[in-house]
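Dear colleague,

I am handing over the structure that we talked about, and below it I have set out what was found in it. Please keep it open while you read, so that you can look up each place as it comes.

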Amino acid sequence: MKTTPTATAAPIGIADAARPDADRPAVVRALSAEVTRLTGAASDTAERQAARLADLTAHYGASPFTPLEQMRRRFDLDRAGFGRLLDLFDRIPQLGAAVEQGPAGKYWSNTIRPLNAAGALEAAVRREPAFPYSVGLYPGPTCMFRCHFCVRVTGAKYDAASVVPGNEILTSVIDEVPSENPTAMYLSGGLEPLTNPGIGALVSHAARRGFALTVYTNAFALTEQTLRRQPGLWDLGAVRTSLYGLNNDEYQATTGKRGAFERVRKNLQDFLRMRAERAAPVRLGLNHIILPGRANRLIDLVDFIAELNESSPDRPLDFVTVREDYSGRDDGRLSEDERTELREGLARFVDYAAERTPGMQTDLGYALESLRRGVDAQLLRIRPETMRPTAHPQVAVQIDLLGDVYLYREAGFPGLAGATRYIAGRVTPDRSLHSVVHDFVTSGRSVDPQPGDEFFLDGFDQSVTARLNQLEQDVADGWDQHRGLIRAV
Ligand code: SF4
């Protein structure tokens, strides 16, 4: 008799070790066989080691910032025993890959892996000079919004006369950045990049050197007229629009500007239409921050995107990223009830987006992705006492219109109290970015963090700081050889 083949699920294996819903006994069995193969250990010893390896992998897949010594104590192992466990972890490369499949996997794959590969974290830990891995250009002299959560000082802006010389400085920085990484630079702020009348020329200049810049913008000035006046904007790699609401009232409540929602929506529709007409490769996406009181709006977000896509059905919006407010301010934190609601809302959002906007990339970041998968992510709250006085210019710097090189992404606003302490130096016609960073690092300069300084760090800065603190703690605890658990690419 002929039988109809039925679909069978792939067997649970080592690669599933960090998935919260994985069948743990099956993972341990697979690991146990591997431990026996590698070490020849008797079955009870192999099984014990396998169970610990499964726990270690699951832990770092969900809580990436844990110092190794803390794990040793949790396992109640002596140093030699824990060292053997870490050696085994290194000998089973699928375990490192499994950590990246865990609920906090985005943190490992988006942030840590590329920085490891570039050697940027190592340079920061050793306090050695290195050209920054990521260079943010902050070309905006002003901003038309006044978002209630923004650290910007109301009314503070760059003098109009600083735009032309500022663009010359930024052009010199573009010329200096090594071109092997096409996404090493981006345009952001500080203030709104599209308020700079020379931005198209900067983008084209960078594109000629092979850089695909992403601009972070509120899209208020992304009008058809701007795009016609500054055709260089079509050389961007991506336009990442910060979305501040899904209707006029929400937009006005957040940005303080009347009519902004309608205008931003029209700009995005026009951009999609013009992009399709020109067959321009630039990607378009939205950044959506979930503000308190709006945790239930994600379905509306998908509807909003689907409506935008009607302007260009064959070339729809490319991506959306959804984040919580990382600023750490009390008024940005979601209540417990909202977090519970959000957990269910995120799952619905991902399904609904796949149905209504197929092909669009949805990125929840590691904290919300963890929440969606039922694991409350380890909260990243860097405080002044955990900030690093030497910061991490080997990893990232930001440069404004004056050529000032800021050590943190949220510090580059004119007139911001205390922010000038986080200027590493100034790029001038006679002084390169390379020498500013080199001098800052080799001089051993440091900044004594004050209460409130933690707000100068964005989510990326916080992740990098947490990782560097973890690496240094591991070294101090004598786990240099295994610091950070995963270091190799
Ligand atoms: S968050 Fe951005 S758009 Fe809003 S006021 Fe600040 S700089 Fe302007």
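**Two alanines with positive phi**

Ala 279 is found in the loop that runs between helix 12 (260–278) and strand 5 (283–290). Before going further, please bear in mind that this is a predicted model. The phi angle of Ala 279 is near 50°, which is a positive value in a residue other than glycine. As background, most residues other than glycine have a negative phi, and most peptide bonds are trans. With a relative accessible area of 62%, Ala 279 is exposed, because exposed means over 50%.

Ala 391 also has a phi near 50°, again a positive value in a residue that is not glycine, and its place is in the loop between helix 15 (365–372) and strand 8 (396–399). Is Ala 391 buried or exposed? At 3% relative accessibility Ala 391 counts as buried, because the cut-off for buried is under 20%.

**A cis peptide bond**

Gly 189 and Gly 190 are joined by a cis peptide bond, for which omega is about 25°. If you want to find the place in the model, Gly 190 lies in the loop between strand 2 (185–187) and helix 9 (199–208).

Thr 217 is found in strand 3, which covers residues 214–217, and at 2% relative accessibility Thr 217 counts as buried. A polar atom of the Thr 217 side chain lies 2.8 Å from the backbone nitrogen of Ala 219. Which residues does Thr 217 touch, not counting those up to four places away in sequence? They are Glu 192, Leu 194, Val 239, Arg 240, Thr 241 and Ser 242.

Asp 318 has its place in the loop between helix 13 (298–309) and strand 6 (319–324), and at 17% relative accessibility Asp 318 counts as buried. Leaving aside its neighbours within four places in sequence, Asp 318 is in contact with Arg 275, Val 282, Arg 283 and Leu 284, and also with Gly 359, Met 360 and Gln 361.

**Two pairs of helices**

Two packed helices are described by the angle between their axes and the distance between the axes. For helix 3 (residues 68–75) and helix 4 (residues 79–91), the axes come within 10 Å and cross at roughly 110°. That makes helix 3 roughly perpendicular to helix 4, because angles of 65 to 115 degrees count as roughly perpendicular. The crossing in which helix 3 passes helix 4 is right-handed. From helix 3 the contact is made by Leu 68, Glu 69, Met 71, Arg 72 and Phe 75, and from helix 4 by Arg 79, Phe 82, Leu 85 and Leu 86. The residues of this contact of helix 3 with helix 4 divide into 6 nonpolar, no polar and 3 charged.

How do helix 14 (residues 336–356) and helix 15 lie, and at what angle do their axes cross? The axes of helix 14 and helix 15 come within 8 Å and cross at roughly 95°, and the two helices are therefore roughly perpendicular to each other. Helix 14 brings Arg 339, Leu 342, Arg 343, Leu 346, Ala 347 and Val 350 to the contact, while helix 15 brings Leu 368, Leu 371 and Arg 372. The residues of the contact of helix 14 with helix 15 divide into 6 nonpolar, no polar and 3 charged.

Technical notes
Residues numbered from 1 in each chain as written. Predicted model: local features only at pLDDT ≥ 70, side-chain atom pairs only at ≥ 80, totals over all residues. Heavy atoms only, no water. Axes fitted to C-alpha atoms, helices over the stretch in contact; angles between N-to-C directions. Helix = DSSP H or I, 4+ residues; strand = E, 2+ residues; numbered from the N terminus. Parallel < 35°, antiparallel > 145°, perpendicular 65-115°, else oblique. Left-handed = near helix turned anticlockwise from the far one by under 90°. Contact = heavy atoms within 4.5 Å. Nonpolar A, V, L, I, M, F, W, Y, C, P; charged D, E, K, R; others polar. Buried < 20%, exposed > 50% of the residue type's maximum accessible area, 1.4 Å probe, protein only. Polar contact = N/O pair within 3.5 Å; in protein donor to acceptor, adjacent residues only side chain to side chain.
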